[in-house]
Amino acid sequence: MNDADAVQALAALAQGNRLAVFRLLVVAGPEGLRVGNIAETLGLPNATLSFHLKELAHAGLITSRQDGRYIYYAASIDRMNALIGFLTENCCQGVAGLCERSSPRKC
């Protein structure tokens, strides 16, 4: 991940509804959730949810797949871990052990 990719991902997550969608999809795991389930769980209108899903997909934070007439979205765990790694790669000036106690857990 480079600076531009990190800025794009962080910008996508810097909005309450998008952050809620992403966190919900992280919990759902690799199978993801149907669009209708996301909308119902978060109480978002379809047009609003569609806009937020587009922004998250554009940032590479989520993926979609069609199954029959339904569209499922899932968090891109690899992209999430790449962002976490980018943010913490120089943690504690590279001193072994200092960051391991406080660094976020990767999936």
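Start with H52, which you'll find in helix α4. Keep in mind that this is a predicted model. Is H52 buried or exposed? With a relative accessibility of 5%, H52 counts as buried, because the cut-off for that label is under 20%.

So what does H52 touch? Setting aside neighbours within four places in sequence, H52 is in contact with Q15, N17 and R18. Two of these names, N17 and R18, come up again in the next part, as residues of α2 that meet α4.

## Where α2 meets α4

Two packed helices are described by the angle between their axes and the distance between the axes. Here, helix α2 covers residues 16-28 and helix α4 covers residues 46-58. They pack at an angle of about 75 degrees, and their axes are 10 Å apart. That angle makes α2 roughly perpendicular to α4, because anything from 65 to 115 degrees goes by that name.

Which residues do the meeting? On the α2 side they are N17, R18, V21 and F22. On the α4 side they are T48, L49, F51, H52, L53, E55 and L56. Sort the residues of this contact by type and you get 6 nonpolar, 3 polar and 2 charged.

## A9 in helix α1

Now hop over to A9, which lies in helix α1, residues 3-13. A9 has 0% relative accessibility, so A9 counts as buried. Not counting residues up to four places away in sequence, A9 touches A59, L61 and L83.

How far is A9 from M80? Along the sequence A9 and M80 are 71 residues apart, but in space their C-alpha atoms are 8.8 Å apart.

## Charges and rings

Two arginines sit over tyrosine rings. The charged end of R34 is placed over the ring of Y70, 4.4 Å from the ring's centre. R65, for its part, lies over the face of Y72, and there the distance to the ring centre is 4.5 Å.

## The whole chain

Stepping back, how many helices and strands are there? The chain has 5 helices and 3 strands. Follow the sequence and they come in the pattern α-α-β-α-α-β-β-α.

The chain has 107 residues, and 30% of them count as buried; A9 and H52 are among them. Finally, take the contacts in the chain with a separation of 6 or more: 58% of them involve residues 24 or more positions apart.

Terms used
Residues numbered from 1 in each chain as written. Predicted model: local features only at pLDDT ≥ 70, side-chain atom pairs only at ≥ 80, totals over all residues. Heavy atoms only, no water. Helix = DSSP H or I, 4+ residues; strand = E, 2+ residues; numbered from the N terminus. Buried < 20%, exposed > 50% of the residue type's maximum accessible area, 1.4 Å probe, protein only. Contact = heavy atoms within 4.5 Å. Axes fitted to C-alpha atoms, helices over the stretch in contact; angles between N-to-C directions. Parallel < 35°, antiparallel > 145°, perpendicular 65-115°, else oblique. Nonpolar A, V, L, I, M, F, W, Y, C, P; charged D, E, K, R; others polar. Lys NZ or Arg CZ within 6 Å of the ring centre and 35° of its normal.
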